[in-house]
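Subject: Handover of a structure and its findings

Dear colleague,

Please find below the structure that I am passing on to you. The findings follow directly after it.

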Amino acid sequence: MSFCKEVREECKDVWESSFDHPFVTGLAEGTLPEDVFRFYVMQDAYYLTHFAKVQALGAVKATDLAMTRSFAHHAEQTCAAELSLHESFMQLLGVTDSDWEAFEPSPSAYAYVSHMYRAAQGDVADVLAALLPCYWLYYEIGVQLQHATPDNPIYQRWIATYGSEWFAALVEEQKNRMDELASEVSEKRLEELKQHFKRSVYYEWHFWQQAWTQETWNVRNEVPSYEQ
């Protein structure tokens with residue numbers, strides 16, 4: 001079994017929990033509150049800025065020129081395609097310069113980005129193992145929702161983007177590269193790469209959740225008491 005098939009199966013429960021998250025189902029049904037999507041888009045813009053930078057680190061750590069070119073192309077695609085998509089969302093959702101001045105990443109978004117940079121301290125396989133779940137999971141969600149007809153043009157456009165053929169090609173390229181890189185390493189290294197991948201899958205679920213709850217750094221009065 002290839003690395004991608006094996007690790008996808010090992011984290012199946014967490015992976016497929018994203019499909020049923022109320023953020024995702026709300027997108028498909030058109031019932032997701034726009035203030036929740038607005039929060040998500042701003043957090044995602046922060047995340048994608050760093051995602052592109054980690055892709056660029058992959059280009060630096062690549063083992064040959066073709067791989068360098070590929071990672072650089074992926075970084076450019078993130079900047080040009082996905083961030084331009086978010087810019088249009090910002091206008092439609094009424095995000096202002098003042099909103100950006102007051103913006104701060106949510107704890108989950110910050111943790112996810114920190115995880116990617118930590119993984120990127122390793123080699124190109126470490127970089128890709130941390131990046132791949134974002135590509136792959138979003139594509140699977142896009143495919144699952146491709147026949148959804150939410151009565152909201154913003155949600156329709158989001159679904160169309162991630163279920164598209166051009167995005168599918170990027171995903172397959174990176175999955176094939178991950179399998180190739182993983183085929184050349186020891187069992188110990190395989191477990192390290194799986195750990196990067198699984199942690200990213202965990203953070204993907206929490207990215208929906210942080211948007212759904214509009215997570216902040218405030219500590220709520222939800223700490224359990226263990227006093228007898």
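Leu131 counts as buried, because its relative accessibility is 0%. The model is a predicted one, and in it Leu131 belongs to helix H8. Leaving out residues up to four places away in sequence, Leu131 touches Phe51, Val54, Gln55, Phe71 and Met116. The C-alpha atom of Leu131 is separated by 23 Å from that of Phe37, and these two residues stand 94 places apart along the chain.

Helix packing is the next topic. Two packed helices are described by the angle between their axes and the distance between the axes.

H7 and H8 have axes 7 Å apart and pack at an angle of about 150°. Angles over 145 degrees count as roughly antiparallel, and H7 is therefore roughly antiparallel to H8. On the H7 side the contact is made by Tyr112, His115, Met116 and Ala119. On the H8 side Asp126, Val127, Ala130, Leu131 and Cys134 take part. The residues of this contact of H7 with H8 divide into 7 nonpolar, 1 polar and 1 charged.

H7, which spans residues 107-119, also meets helix H4, which spans residues 34-61. The axes of H4 and H7 come within 10 Å and cross at roughly 0°. H4 and H7 are therefore roughly parallel to each other. From H4, the residues in contact are Gln43, Tyr46, Tyr47, His50, Phe51, Lys53, Val54 and Leu57. From H7, their partners are Ala109, Tyr110, Tyr112, Val113, Met116 and Tyr117. By class, the contact of H4 with H7 has 11 nonpolar, 2 polar and 1 charged residues.

Ser114 is also located in helix H7. Is Ser114 buried or partly exposed? Ser114 counts as partly exposed, because its relative accessibility is 32%.

How many cavities of 30 Å³ or more does a search of the whole structure find? The search finds 2. The second largest cavity has a volume of about 30 Å³. Its lining is formed by Asp44, Tyr47, Tyr112, Cys134, Tyr138, Glu204 and Phe207. H4, H8 (124-144) and helix H11 (187-212) each supply at least two residues of that lining. By class, the lining of the second largest cavity has 5 nonpolar, no polar and 2 charged residues.

The largest pocket holds about 240 Å³ of space. It is lined by 15 residues, of which Phe39, Met42, Gln43, Phe103 and Glu104 are the closest to its centre. H4 and helix H6 (97-102) are the elements that give two or more residues to the lining of the largest pocket. With 5 residues, H4 gives the most to this lining. The classes represented in the lining of the largest pocket are 6 nonpolar, 4 polar and 5 charged residues.

Helix H3 and the residue after it

Helix H3 covers residues 22-29, and its buried residues are Phe23, Val24, Gly26, Leu27 and Ala28. These buried residues of H3 pack against H4, H8, helix H9 (153-162) and H11. H3 is followed by Gly30, which has a positive phi near 80°.

Helix H11 and the segment after it

Lys194 is a residue of helix H11. Is Lys194 buried or exposed? At 5% relative accessibility, Lys194 counts as buried, because buried means under 20% relative accessible area. Leaving aside neighbours within four places in sequence, Lys194 is in contact with Phe3, Glu6, Val7 and Glu10. The C-alpha atoms of Lys194 and Gln55 are separated by 18 Å, and the two residues are 139 residues apart along the chain.

The segment after H11 contains Gln214. Most residues other than glycine have a negative phi. Gln214 is not a glycine, yet has a positive phi of about 50°. Gln214 is partly exposed, with a relative accessible area of 28%.

Yours sincerely,
A colleague

Definitions and conventions
Residues are numbered from 1 along each chain as its sequence is written. This is a predicted model: local features need pLDDT of at least 70, side-chain atom pairs count only at pLDDT 80 or more; totals for chains, interfaces and linings use all residues. Side-chain values use heavy atoms; hydrogens and water are left out. Axes are lines fitted to C-alpha atoms, for helices over the stretch in contact, and angles run from 0 to 180 degrees between N-to-C directions. Helices (H or I, at least four residues) and strands (E, at least two) are DSSP runs, numbered from the N terminus. Angles under 35 degrees count as roughly parallel, over 145 as roughly antiparallel, 65 to 115 as roughly perpendicular and the rest as oblique. Contact means heavy atoms within 4.5 Å. Ala, Val, Leu, Ile, Met, Phe, Trp, Tyr, Cys and Pro count as nonpolar, Asp, Glu, Lys and Arg as charged, and the others, Gly among them, as polar. On a 1 Å grid over the protein atoms alone, a cavity is a set of points where a 1.4 Å probe fits but cannot get out, and a pocket is an open set with protein on both sides within 12 Å along at least five of seven lines; lining residues have an atom within 4 Å of a point. Grid points are joined across faces, edges and corners, and a volume is the space filled by probe spheres set on the points. Buried means under 20% relative accessible area, exposed over 50%, partly exposed in between (1.4 Å probe, protein chains only).
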